[in-house]
Amino acid sequence: MQIHSSLSADGREVTIAIEGRFDHTVQHDFRNAYRYQDGWPERYRIILTRADYMDSSALGMLLLLRDHAQTGNADVVIVEPSEQIMKILETAHFNQLFTIIRAT
Amino acid sequence: MSSVGRTAGPAVGAGATSGAPATASRGRALVVDDRASNRALLEALLVKEGFEVLFAVDGRQGVSLFEREGADIVFMDVMMPVMDGYEATRRIKALAGDCFVPVIFVTSLSDTHALARCIEVGGDDFLNAPYEQTILRARILAAERVRDLNRKIQEQNRELNTLHNHMQREQEIAERIFSEAVTQPNVALNHIRTLLRPAATFNGDLLLTARRPSGELNVLLGDFTGHGLAAAVGALPTAEVFRAMTSKGFSAADILREINYKLATLLPPSMFLAACFLTLDPAQRSAAVWSGGMPEILVIGDDGALKRRVPSMHLPLGINTSLGDTFKIERLEVEADDRILLLSDGLLDARNPAGEMFGRSRLEALLESCSNGASVFGRITRELSGFCQWRLPDDDITLVEIPCVPGLAEVPQAGAGRGVEQVTGAAGCLWRWSIELHGHWLGDVDPVPVALAQLQELHDLGSHRQALYTVLFELYSNALEHGVLGLDSEIKSSEEGFSSYYSEREERLAALAEGSVRIDLVYQPGERGGSLLIRLEDSGEGFPHESVCAGAASSLRDNKGFSGRGIPLLTSLCESLHFEGAGNCVEAVYNWDV
């Protein structure tokens, strides 16, 4: 599995971790990772520490998640994108749409 | 006794079939064996199992019988006269082709090599004689299971093939429509070099070019999310807005705002258009650029050296319905013979057979190596095809090189082209249109395309369109920039001043609370053609028009080019040009007549 998702014990936060290529091949799994969580979390954390590539359909998936999160008034946070992925996010100016926590 | 037999039920002679038992037939079994006792043993069992049975006494008869009658399962001896079981199996398998017919070797050979060869030549199983009936039954069941599975796959393949062909036909039709609507109307392609390598029949990358009424070239390179048909659907509305608004003379900002709004309302949330936009006027040595989500735009000098990079400055189009406060068009100064390079990220992400990406660093190295004057476009194209080899692109790849050559923009000319059209209607009839803009409306609305559209409604402007646009545009720019905003055109004459002039213009326009411009158009049809009176009045202080006009006339004589309120250009296009009062009021007459 390239995508792991979990719900925090208090039900407030959904964590979705992506490994390897974040592209159209994981579209289905990515959507399932946030769609079928019970209740309305307050935050979605997308962990990209171990993702090494991202294409434009992945940007599209993030927009879908943002749409989904907005209906529940939740935040989407992108965590530790690699330098290469950060470049893609910056080119698309996605920092205007998402909070991005960079690797230290 | 004939060597060829057919039996089901009680054994009979040559060519006979043993009558089918009461149970449903399991199909036809072909038994190839030179020994009568072996044949009889198999026959008894197969008939009981519900098979119709055919016989052959050697390999060659077996092959010809199979060719003539066909079979659902074959039982094959190895050692036979004329043709052995190996050769017969090879031929039967070749005859069967895609249709799977299980061949089970029944042999008393126990040599492991001989048995292994049974499978090598195409056999599916082997059974050592003597065998137990239960084992034979089990082997038959297993063979049938594999055969049925194969048949099912074959059937599904056929269905898939039909479906695939159908889809391909539909795609070809849609592709044709797309190319007619999106690609065909592109202009200036004799100047622009392009590399387009779509990943699917439909290109998710989009290249549009069109000319503004004033002759400048508008270029849009876009990259829709994903690729294929789903990515290409957005190309139709984008091309439509781009062409319609360009031909009406709308600014880059207005066109981008409209495309963005249209795509944001039309496309699903996961789809957007990363794009760069360029308005190029080589005569003015300037380019207006914008980029949202695209790789850097590169400006290359005529010696091949990289002069400037323009990084993405905004979100891609189609995400939010409004482009927001950060939206801004940048102005570049370009020299004649500069080349502007646009590329989609498919180029950077292109992979070679080993899965390695072309990448930014390879591109940078190429740019570096081209500084001795080699063609960057040619180098990148060659390097890319050498890199990818046979591997097809995962994403659409586009590379565009736009040379800043004078032929790229068409200079508007008065009275050129199709000549004068007869205007019907009695002399003395008038048509009048006017608009007056106050305060912040001056920053929000560009009245030039609106006025031009009104004129177009009235009369097919034909070849006069470009010239009229230029006249209206120059007059309005003077009224707004020098009149209302109080900008000094002298600033523009220096290299650095050019961009500071436009940023100053943006600032003052954004802060504008008062001031006004009024435009009046009066059209009077004449005997041949007609006459248009254009009158503009602004709230500014005016300017010493008498001395400026005199200076402009001499600069035109000395061929010093168009500077200072575009007065030489206006005089060359219009029948007459008069400033009134303090200079805040101007009247120009444009004639259709030659």
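**Note on the A/B interface and aromatic pairs**

1. Chain B and chain A bury about 1500 Å² between them, with 61% of that area from carbon and sulfur atoms; buried area is the accessible area (1.4 Å probe) lost by two parts on being put together, summed over both. This is a predicted model, in which local features need pLDDT of at least 70 and side-chain atom pairs count only at pLDDT 80 or more, while totals for chains, interfaces and linings use all residues. Residues are numbered from 1 along each chain as its sequence is written, and side-chain values use heavy atoms, leaving out hydrogens and water.

2. The contact (heavy atoms within 4.5 Å) draws 20 residues from chain B and 18 residues from chain A. Zero salt bridges are found across this interface, the rule being a side-chain nitrogen of Lys or Arg within 4 Å of a carboxyl oxygen of Asp or Glu.

3. Eleven aromatic pairs are counted over all chains; rings of Phe, Tyr and Trp (its six-membered ring) pair if their centres lie within 6.5 Å, with planes under 30 degrees apart stacked, over 60 edge-to-face and the rest tilted. One of them is Phe22(A) with Phe30(A), tilted, at 5.3 Å centre to centre and 45° between the planes. Phe22(A) is buried at 0% relative accessible area, and Phe30(A) is buried at 1% (buried is under 20%, exposed over 50%, partly exposed in between; 1.4 Å probe, protein chains only). Ring pairs link Phe22(A), Phe30(A) and Tyr34(A) into a cluster.

4. The charged end of Arg331(B) sits over the ring of Tyr502(B), 3.8 Å from its centre; the rule asks for NZ of Lys or CZ of Arg within 6 Å of the ring centre and within 35 degrees of the ring normal. Tyr502(B) is buried, at 17% relative accessibility.

Terms used
Chains lettered and ligands numbered in written order.
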